[in-house]
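Good morning, and thank you for making time for this item. I would like to take you through one structural model, beginning with a single residue and ending with the sheets.

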Amino acid sequence: MNRLMALVKREYWENKGAFRTTPLVIGGIYIVLTVMFLITFSHFDNEFQSLKELARWVSTTEAGLRGDSIYAVSLVIFPFLFNVVLSFVVFFYLLGSLYDDRKDRSILFWKSLPASDTLTLASKLLSAMVVAPVIFWVIYVLTYVVIALIFSIVVLSLGENPWTLFLGIGSPFKAWSMLLLSYLAIAVWSLPLYAWLMLVSSFAPRIPLLFAILPPVVIAVLQIWIEFLQTFTLKKNLFGVIGEWFANSPFISINGDFDDGKLPLSLGAPINDTFSHELSVMNILDRLFSTQMLIGLIVAVVFLGTALWLRRRATES
Amino acid sequence: MSNVIEARGLTKRYKNTVAVDNIDLHIPPGRIVGLIGPNGAGKTTALKAILGLANYDGELSVLGKNPSKDRAALMEDVCFIADVAVLPRWIRVWQLIELTEKIHPRFSREKCLEYLSSTKVTQDHKVKQLSKGMVVQLHLAIVMAIDVKLLVLDEPTLGLDILFRKQFYTNLLNDYFDEERTIIITTHQVEEIEHILSDLIFIQDGRIALDCSMEKVQESYVELVVAPDNAVAAREMQPLYERELFGRHIFLYENANRQQLKELGELHTPSVADLFVATMNGGAA
């Protein structure tokens with residue numbers, strides 16, 4: 001356990017820029033933009049008259065609806081940039097996870113330590129599935145708190161009550177918990193992809209990105225072509241499988257009909273009805289304990305097993 | 001005490017070539033073994049098998065363990081420096097020390113810091129900020145602070161200047177080596193290590209060309225320097241190898257009659273480098 005923790009720490013140290021600095025920069029941009037927005041507004045605003053009116057207008061809207069909107073915004077729109085960048089960070093982290101140390105030959109040092117290859121692989125998978133998402137999430141929450149604080153001060157100075165206006169009704173804790181849950185659930189759902197990236201990373205002699213993308217593209221294009229030659233129809237191919245799998249990932253989006261001006265939250269992209277799209281903890285768990293997930297896990301185990309087999313024999317590339 | 005390394009019929013094949021061809025090794029504890037061979041002779045391949053970095057055919061036991069199956073367990077008792085500058089470039093010295101401490105049960109932080117205190121390496125340095133020589137010093141400080149039974153050094157001083165190289169081997173000999181430990185070194189700079197070696201193994205084309213102790217080398221091999229007039233007589237005594245230097249002929253003999261040779265010219269103990277050249281060229285014939 002100590003060794004595993006030490007190895008996870010190593011991953012964090014090596015990828016501090018991606019895991020910590022990147023979300024900090026995003027959070028910083030959010031805060032700076034907020035401040036810039038307020039300054040711009042106040043610059044053209046005569047003694048904050050329009051801002052005051054805006055706050056007053058907001059306070060007259062129905063509190064329940066306002067709370068729902070704030071909840072939806074803090075769960076989907078506000079963390080959007082964090083989500084997108086996190087997936088890029090994890091993607092490229094995994095792609096380099098078993099490749100970079102072969103390239104710079106430091107694998108020869110790591111292998112001189114009494115840590116098994118299984119443990120090394122586990123530490124890297126753990127970093128991708130838990131460490132990176134949790135750091136992004138913590139920094140998102142901090143950004144949220146800072147911006148909520150800034151707005152509270154502004155609203156207070158305008159003579160409105162920030163608590164009844166937004167702080168007390170947006171259920172931020174619920175939004176944060178749901179977001180964290182969805183991050184971790186996506187990590188589990190993405191295991192076949194993560195395992196594929198690690199396999200490529202342990203195999204590629206160079207340019208792992210190419211090796212990650214080319215085989216599925218070639219397979220899918222061949223499938224489409226053969227299918228088309230035989231039947232002149234386009235049936236399900238690897239692109240479709242991957243696309244559907246992405247759509248069913250337990251991410252949270254705003255999708256569907258606006259009922260009574262309420263932002264419609266949805267689990268996954270509602271392109272089919274394999275799963276319920278209503279956002280709830282039960283529905284997230286439902287996806288993780290599904291047949292689809294089981295198949296995904298089997299695929300992941302095969303990929304990871306192969307990656308481990310290659311890693312055992314790997315020295316420098 | 002049983003042998004540290006026990007290999008029988010160790011073989012490593014690549015697609016078209018045999019890198020290590022059916023070799024036997026028996027290395028007892030408390031030795032400093034020089035593994036010497038030309039480029040591509042199979043030294044590194046053999047070492048990789050010993051360290052559990054590559055699979056192989058044949059029987060191999062290192063400290064009683066099977067390296068291809070138990071690499072992680074083996075590394076508690078074995079340490080290696082495989083070539084220079086393989087420390088991760090992004091890491092800071094304190095991070096490296098902390099990681100090694102947490103992962104290696106036999107690592108002593110105090111010892112490591114003590115070795116480092118005599119160098120210019122500081123804890124806050126990143127490896128990529130260090131010169132090549134400093135990286136080797138750092139790696140050696142870490143390795144010497146680990147209490148293992150077998151240390152493998154594959155070209156540990158490649159590309160370093162003479163001062164660093166001398167210091168490296170002095171530290172190794174004075175502060176690290178003892179009766180319990182075994183060190184295996186490969187290098188091209190044979191003359192720098194010959195005075196510290198206790199055993200010599202030559203590898204050529206994946207086979208062992210010579211395997212004997214340094215005492216035995218001094219006992220069995222002799223070099224004769226003669227003037228051209230005596231060259232024919234010397235040649236008749238079946239030398240292993242002959243070369244010419246400044247108009248004088250130098251012959252190398254194995255188990256020859258020293259009394260007879262003495263009458264022809266001067267006798268010397270051959271250097272490992274000369275013995276190596278003789279074995280690689282003449283010995284194979």
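Predicted model: local features only at pLDDT ≥ 70, side-chain atom pairs only at ≥ 80, totals over all residues.

**A residue, two chains and their packing**

Ile77(A) counts as partly exposed because 13 C-beta neighbours lie inside 10 Å. The scale behind that word is as follows: a residue is buried if 20 or more other C-beta atoms lie within 10 Å of its own, exposed if 12 or fewer, and partly exposed in between, with C-beta atoms placed from the backbone.

Residues are numbered from 1 along each chain as its sequence is written, and chains are lettered from A and ligands numbered from 1 in the order in which they are written.

To return to Ile77(A), its place is in helix H4 of chain A, residues 63-77. Helices (H or I, at least four residues) and strands (E, at least two) are DSSP runs, numbered from the N terminus. Ile77(A) and Ile254(A) are 177 residues apart in sequence, yet their C-alpha atoms are 8.4 Å apart in space.

Now to chain A as a whole. Chain A holds 15 helices and two strands. Its C-alpha trace spans about 70 × 55 × 35 Å along the principal axes. Of its 317 residues, 34% count as buried. Two residues are in contact if their C-beta atoms, placed from the backbone, lie within 7 Å. Among contacts in chain A between residues at least 6 apart in sequence, 74% join residues at least 24 apart.

Two helix pairs deserve attention, and both involve H8(A). Axes here are lines fitted to C-alpha atoms, for helices over the stretch in contact, and angles run from 0 to 180 degrees between N-to-C directions.

On the H8(A) side, the contact is made by Met129(A), Pro133(A), Trp137(A), Val141(A) and Tyr144(A); the residues they meet in H10(A) include Trp176(A), Leu180(A) and Tyr183(A). How do the residues of this contact divide by class? There are 12 nonpolar, no polar and no charged. Ala, Val, Leu, Ile, Met, Phe, Trp, Tyr, Cys and Pro count as nonpolar, Asp, Glu, Lys and Arg as charged, and the others, Gly among them, as polar.

In the second pair, the axes of helix H5 (residues 80-97) of chain A and H8(A) come within 10 Å and cross at roughly 155°. That angle makes H5(A) roughly antiparallel to H8(A). The contact includes Phe82(A), Tyr93(A) and Ser97(A) from H5(A), with Lys124(A) and Phe136(A) among those from H8(A). By class, this contact has 11 nonpolar residues, one polar and one charged.

I turn next to the interface. In it, 24 residues of chain B are in contact with 20 residues of chain A. On the chain B side, helix H2 (71-74), strand S5 (78-82) and helix H3 (93-103) each supply at least two residues. H3(B) gives the most, with five residues. The chain B side has 15 nonpolar, four polar and five charged residues.

Finally, the sheets of chain B. Strands of a sheet pair through backbone hydrogen bonds, either parallel or antiparallel. Two strands are taken to pair if DSSP finds at least two bridges between them.

Six strands form an open sheet in the order S5-S6-S7-S3-S8-S9 of chain B, with mixed pairing. Its edge strands are S5 and strand S9 (207-213), each pairing on one side only. The twist averages 15° from one strand to the next. Strands S3 (residues 32-36) and S7 (residues 182-186) of chain B pair in the parallel sense over four bridges, and Gly34(B) has Ile185(B) in S7(B) as its bridge partner.

A further open sheet has four strands in the order S11-S12-S10-S13 of chain B, and its pairing is antiparallel. Strand S10 (residues 221-226) of chain B and S13(B) are joined over three bridges, and Leu224(B) stands opposite Leu267(B) in S13(B).

Methods
Parallel < 35°, antiparallel > 145°, perpendicular 65-115°, else oblique.
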